[in-house]
Amino acid sequence: MAKIITKANLAPAVYEFVVDAPLVAHKCHPGQFVIIRTDEYSERIPLTIADFDREKGCITLIVQAVGNTTKHLCDTFNEGDDILDVVGPLGHPSEMGKFGTVVVVGGGIGVAPVYPIARAYHELGNKVISIIGARDKDLVIWQDKMAAISDELILTTDNGSAGRKGFVTDPLREMLEAGEKIDLVLAIGPVIMMKNVAATTKPFGVKTTASLNTIMVDGTGMCGGCRVMVGGENKFACVDGPEFDAHEVDFANLVMRQQMYKDQEALEYSCGGHCKCVEE
Amino acid sequence: MRGGMRNAMPEQPADVRNKNFQEVALGYTKEMAVDEAQRCLNCPKPRCVGSCPVNIDIPKFIHEVAQENFAEAYKILKQKSTLPAVCGRVCPQENQCEGKCVLGIKGEPVAIGRLERFVADYAREHGLDNDVEAPAERKGKKVAVVGSGPSGLTCAGDLAKMGYDVTMYEALHAAGGVLMYGIPQFRLPKEIVQHEISALKKLGVKIVVDAVIGRTFTIKELMEEEGFSAVYVGTGAGLPHFMQIDGENLNGVYSANEFLTRVNLMKAYEFPNYATPVYVGKKAAIVGAGNVAMDAARTAKRLGAEQVYIVYRRSEEEMPARKEEIGHAKEEGIELRLLNNPVAILGDEKGWVNGLKCIKMELGEADASGRRSPVAIAGSEYVLDVDMVVMAIGQGPNPLIKQTTPDLEVNKRGNIVADEAGATSIPGVFAGGDIVTGAATVISAMGAGKKAAAAIDEYLSK
């Protein structure tokens with residue numbers, strides 16, 4: 001069990017949970033994730049470790065209430081409550097090193113998983129250019145945290161309510177077209193965004209990494225629910241990834257596979273009448 | 001002693017049980033059990049005992065059943081077996097204890113598995129299993145058991161009885177391994193698995209769930225930082241194989257591991273009461289013919305698939321599943337498509353399965369292992385009309401421990417190399433069960449756990 005130490009509302013339907021998980025905090029590295037199960041009736045869902053404090057033994061999880069389990073977590077779990085299962089760290093840590101100039105691209109709550117990786121790039125002496133984007137200014141998260149570890153921060157919103165109007169790919173394309181030397185691009189966010197980032201950098205031959213958000217069950221390589229085609233080969237995102245060469249990923253298949261439970265997800269999860277959402 | 005035929009096992013009728021997840025086999029009544037026990041000849045040199053991988057004193061416990069001394073019978077079982085209620089249900093007794101019973105030569109062997117199950121169930125229902133014998137002496141040494149499937153549970157149980165301080169680590173949120181995520185509720189109720197595991201806790205075994213060895217701790221850390229004097233690795237064969245044919249990433253294609261984990265461990269059969277969803281088509285093809293394939297097929301049927309096919313490239317004779325399970329599947333309306341090999345999975349424009357392209361096979365010459373190899377019949381391709389495919393063609397070892405324990409020797413298939421007693425290339429690290437042998441049976445994994453416990457005791461007593 002992992003106790004919720006703090007809960008904060010970052011944006012509409014987006015919450016930051018700091019949870020007590022010393023075993024995970026002790027071992028995790030940027031790019032890794034956990035699988036959580038909120039209670040006995042819950043499904044298992046993957047969440048990226050957005051930050052960690054080894055000394056305090058806690059990790060930070062950013063959750064957007066988009067489906068039954070995330071809504072259940074965001075609406076009914078508060079400080080002091082226990083999340084029944086938190087397992088990790090899972091997946092490969094991000095590849096670290098001094099690459100030169102790194103552009104990190106975070107879309108929506110994808111900014112959260114980008115953060116620890118960008119921070120590590122920064123600490124290793126890379127020049128970090130961060131592009132963060134959201135549909136609207138209210139949905140922008142962690143701008144200050146990102147600014148603190150970036151040499152340059154560019155904010156975009158689809159509707160122009162903050163930063164520049166447009167998509168994260170716009171400033172990226174401009175930089176590439178201007179001939180700026182970029183050694184690595186990391187993109188995390190909605191699949192469509194990662195796909196577009198990959199398409200933007202491909203003609204320029206700039207190495208681009210995406211962290212794939214597939215459907216997962218166990219997160220330890222035993223089921224293949226998270227399988228993706230990378231370079232024509234089947235890979236399990238939970239153990240072979242979650243980061244892959246974005247130019248090799250079959251994004252169309254990834255989008256399609258994410259739709260697998262659309263009908264069931266539309267059904268209200270009734271949590272058996274035993275959970276605390278009924279009591280409250 | 002009475003006649004040559006064993007007492008039949010009461011079962012739910014096929015057309016009732018294929019719509020529910022309750023246990024198919026209902027178990028002997030007390031009268032049936034006592035009557036069946038009286039068939040045992042109590043051989044002076046029993047052949048059954050030697051062919052039980054954990055060497056239960058079979059004639060002795062059966063003798064106690066015949067005398068209606070169920071508590072005594074249970075004690076005898078528990079001396080050698082950690083999980084009698086499980087083994088009585090899922091062991092392939094026909095190849096083990098019952099296969100060697102002398103009564104089987106002219107008639108039917110004593111129903112040893114059914115009697116084992118009866119005794120364990122009776123003990124649980126009557127609270128006879130509450131008195132757990134605490135180990136006589138404490139050894140003052142810590143042993144870590146990695147993986148809480150049948151081999152880990154057995155190894156942990158035996159070590160705890162010897163007085164070791166045992167901690168078992170499990171990656172999933174519930175202990176039991178394949179007993180929890182793989183074998184369906186209708187063959188092995190999960191409450192029974194958890195009840196048998198709870199007996200280990202009474203022996204003092206600590207169970208740490210949500211701990212992935214290789215990630216949360218490495219084996220080296222367990223030994224150097226966490227103070228364990230020995231480690232037993234029983235992580236099983238949990239890596240699903242796919243066929244590497246076109247269309248395997250379409251929606252509606254599952255590995256059997258995923259399909260069964262969703263249904264068994266996550267209770268997707270009670271969705272939306274439980275939050276984990278599962279997709280089930282109207283017409284499902286299960287590729288493979290082992291016990292896992294039978295479990296997947298019977299599960300799909302129970303979840304409402306109207307037509308369920310087992311697609312297998314060899315003939316019925318070569319099917320690796322237990323005869324009893326094949327029989328159960330057929331009774332429940334599962335159709336066998338034998339001598340059929342999938343060559344591609346077809347999909348619609350939205351990315352969902354809408355057919356399985358198969359080629360017909362014939363059996364050729366026997367290979368080195370004596371099995372006749374299937375050979376494709378040119379031009380015989382056709383499309384089987386299905387909207388769901390489950391791949392149940394086997395599992396390999398999970399590579400995580402190997403990746404994080406580089407000096408642990410593995411063979412070319414990725415299985416850990418261990419000697420007969422379970423010793424690996426690293427002193428103090430032992431291994432057993434499917435991670436060593438490749439996918440096998442529950443009872444052989446238990447046998448390996450038992451042998452390794454003895455070897456660990458010897459190693460730590462030096």
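Beyond its neighbours within four places in sequence, Val63(A) is in contact with Ala13(A), Val14(A), Tyr15(A), Phe17(A), Leu47(A), Thr70(A), Leu73(A) and Cys74(A). The structure is a predicted model. Val63(A) lies in strand S6 (residues 58-64) of chain A. Its relative accessible area is 1%, and Val63(A) is therefore classed as buried, the cut-off being under 20%.

## The annotated binding site

An unreviewed UniProt entry places a "binding site" annotation on Ile62(A), Val63(A) and Gln64(A). Gln64(A) also belongs to strand S6 of chain A. With a relative accessibility of 29%, Gln64(A) counts as partly exposed. Its contacts, leaving aside neighbours within four places in sequence, are Ala13(A), Val14(A), Thr70(A) and Ile109(A).

## The annotated domain

The unreviewed UniProt entry also lists residues 1-96 of chain A as "domain: FAD-binding FR-type". Over this range the chain is 16% helix and 46% strand, and the C-alpha atoms at its ends are 31 Å apart.

## Parallel strands around S10

Strand S10 (residues 127-134) of chain A has 7 of its 8 residues buried. On one pairing, S10(A) runs parallel to strand S9 (residues 101-107) of chain A over 7 bridges, with Gly106(A) opposite Ile132(A). Together with helix H3 (residues 111-123) of chain A, S9(A) and S10(A) make a right-handed β-α-β unit.

S10(A) also pairs with strand S11 (residues 152-157) of chain A, in the parallel sense and over 6 bridges. In this pairing Gly133(A) stands opposite Thr156(A).

Definitions and conventions
Residues are numbered from 1 along each chain as its sequence is written. Chains are lettered from A and ligands numbered from 1 in the order in which they are written. This is a predicted model: local features need pLDDT of at least 70, side-chain atom pairs count only at pLDDT 80 or more; totals for chains, interfaces and linings use all residues. Side-chain values use heavy atoms; hydrogens and water are left out. UniProt positions are given in the numbering used here, feature names are shortened, and annotations may be inferred rather than shown by experiment. Helices (H or I, at least four residues) and strands (E, at least two) are DSSP runs, numbered from the N terminus. Buried means under 20% relative accessible area, exposed over 50%, partly exposed in between (1.4 Å probe, protein chains only). Two strands pair if DSSP finds at least two bridges between them. A crossover is right-handed if, with the strands pointing away from the viewer, the path from the first strand over the helix to the second runs clockwise. Contact means heavy atoms within 4.5 Å.
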